[in-house]
Amino acid sequence: MTKPGVLIHSEEISTQLTGAKAWKVRYHSSDVNGRPHEVTGLVIAPEKVDGDRPVMTWGHGTTGLGDASCPSAQPDPAREIITYFEPESTQQIDYGVPGVQGFLDAGWVVCATDYQGLGTPGVHQYTVGLTQARDTINIVHAARSMNVGAGTAVGCMGWSEGGGTAAAIAELSDEDYGDLNLIGTVGMSPGVSKVGLQIGGALFAALKNPSIPPDGHLIQVLMGTQAANPDTLALSDVMTPLGIHIAETAWNHLPVHHLSDVVARMYRLKGPILNYPPKNWDAWTSAVDAGSAGQKKPVCPVLVCIDLLDGGTVVPDTWQTAYISLAQSLGGTVESHEYPHDDHFSLPASCVHYARDWLTRHLP
């Protein structure tokens, strides 16, 4: 097995960012259970290679389960974040990195993994935070083998699914970090799967009430968890034959919002998509817990940026604050900053300046 973090390939790509160069990369990583895989992503650096620059590694939010949902495969991928719900959006997914120009101007190298399965073989292990965390740290190892000036001081930011990644990156092993010094991590509206499962709410409601159509995010949670645990979990535990047909037909070419629309229509047109009650559910909840942040004390300070408009859209504020309480109960140093006028999709652009200043204060 090739060591995680080894660079396989890099290709310089164009970017409209000022004073910057960008590369699409492919590198080795491993999942929550230690199985090897390959991952793609972006490395973006100031044009001038200058010593040991700090590195910010970005964990993106939900895009989907397969290659159609790969951030680095979008037009002009090395850019500021643009979300699906903006009038200017031209693609079916959110992509780009919030505040990337500011990080570059301040002398940081920026890494942005696509995550396993998004641009590489296999179903993406959606919301399996420890898999995504390894992908997010291993792209930094890969970047350090390139001539971009990437040093050992690393800060992380992540949003939504990537917020769960940002939480999990602080709970990896010494072997995962290697010579890297994780100085701090920022979760923007973090979707920590263990906490979400405990709280329940709208995302998991369809598992308890067959009259509620499942959302595409729930289908992705189930498929991603099963992909990480193929020896102990089967989609037939939780999905009807119709659900399995939709999932296995659509996963690689339908991004999340398109998938949600298809699932809602098929539910109305053809009937149940989930089993009620689900089978083997104890094994499923154990797998979700094992792949999630919230297992042990974070190795670095944590900042959580909370969107409060309408009680937190997509990831309820109760979910976000419950993660804070959990991390603190494990001995973690956790701060929070609230954004009462932001929803889930406006939050990254609103909070990134505060997040960058916070990470900068934690540099050695």
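**View A. Proline 277 and its cis peptide bond.** Proline 277 sits in the loop between helix 9 (256-270) and helix 10. Helices (H or I, at least four residues) and strands (E, at least two) are DSSP runs, numbered from the N terminus. The peptide bond from tyrosine 276 to proline 277 is cis, with omega near -5°. This is a predicted model: local features need pLDDT of at least 70, side-chain atom pairs count only at pLDDT 80 or more, and totals for chains, interfaces and linings use all residues. Residues are numbered from 1 along each chain as its sequence is written, and side-chain values use heavy atoms, with hydrogens and water left out.

**View B. Threonine 240 between two helices.** The loop between helix 7 (235-238) and helix 8 (241-250) holds threonine 240. Its relative accessible area is 13%, so threonine 240 is buried. Buried means under 20% relative accessible area, exposed over 50%, partly exposed in between (1.4 Å probe, protein chains only). Not counting residues up to four places away in sequence, threonine 240 touches Pro272, Ile273, Leu274 and Asn275. Contact means heavy atoms within 4.5 Å.

**View C. Two positive phi values in one loop.** Tyrosine 115 lies in the loop between strand 5 (109-113) and helix 2. Threonine 127 lies in the loop between strand 5 and helix 2. Neither is glycine, yet phi is near 80° at tyrosine 115 and near 65° at threonine 127. Tyrosine 115 has 0% relative accessibility and therefore counts as buried. Threonine 127 is buried at a relative accessible area of 15%.

View D. Nine strands form an open sheet in the order 1-2-3-5-4-6-7-8-9, with mixed pairing. Strand 1 (7-13) and strand 9 (334-339) are the edges, each pairing on one side only. From one strand to the next, the twist averages 20°. Two strands pair if DSSP finds at least two bridges between them. Strand 4 (residues 53-59) and strand 6 (residues 150-159) run parallel and are joined by six bridges. Methionine 56 stands opposite glycine 155 in strand 6.

**View E. Helices 3 and 11 on the sheet.** Helix 3 (residues 161-168) lies across strand 4, strand 6 and strand 7 (181-188), at about 135° to strand 6. Helix 11 (residues 317-329) touches strand 8 (302-307) and strand 9, and its direction makes about 165° with that of strand 8. Axes are lines fitted to C-alpha atoms, for helices over the stretch in contact; angles run from 0 to 180 degrees between N-to-C directions. In helix 3, eight of its eight residues are buried. Their cover includes strand 4, helix 2 (129-143), strand 6, strand 7 and helix 11.

View F. Proline 301 is placed in the loop between helix 10 (281-290) and strand 8. With a relative accessible area of 21%, proline 301 is partly exposed. Leaving aside neighbours within four places in sequence, proline 301 contacts Ile183, Gly184, Thr185, Thr333, Trp358 and His362. Valine 315 is 14 residues away along the chain, and the two C-alpha atoms are separated by 22 Å.
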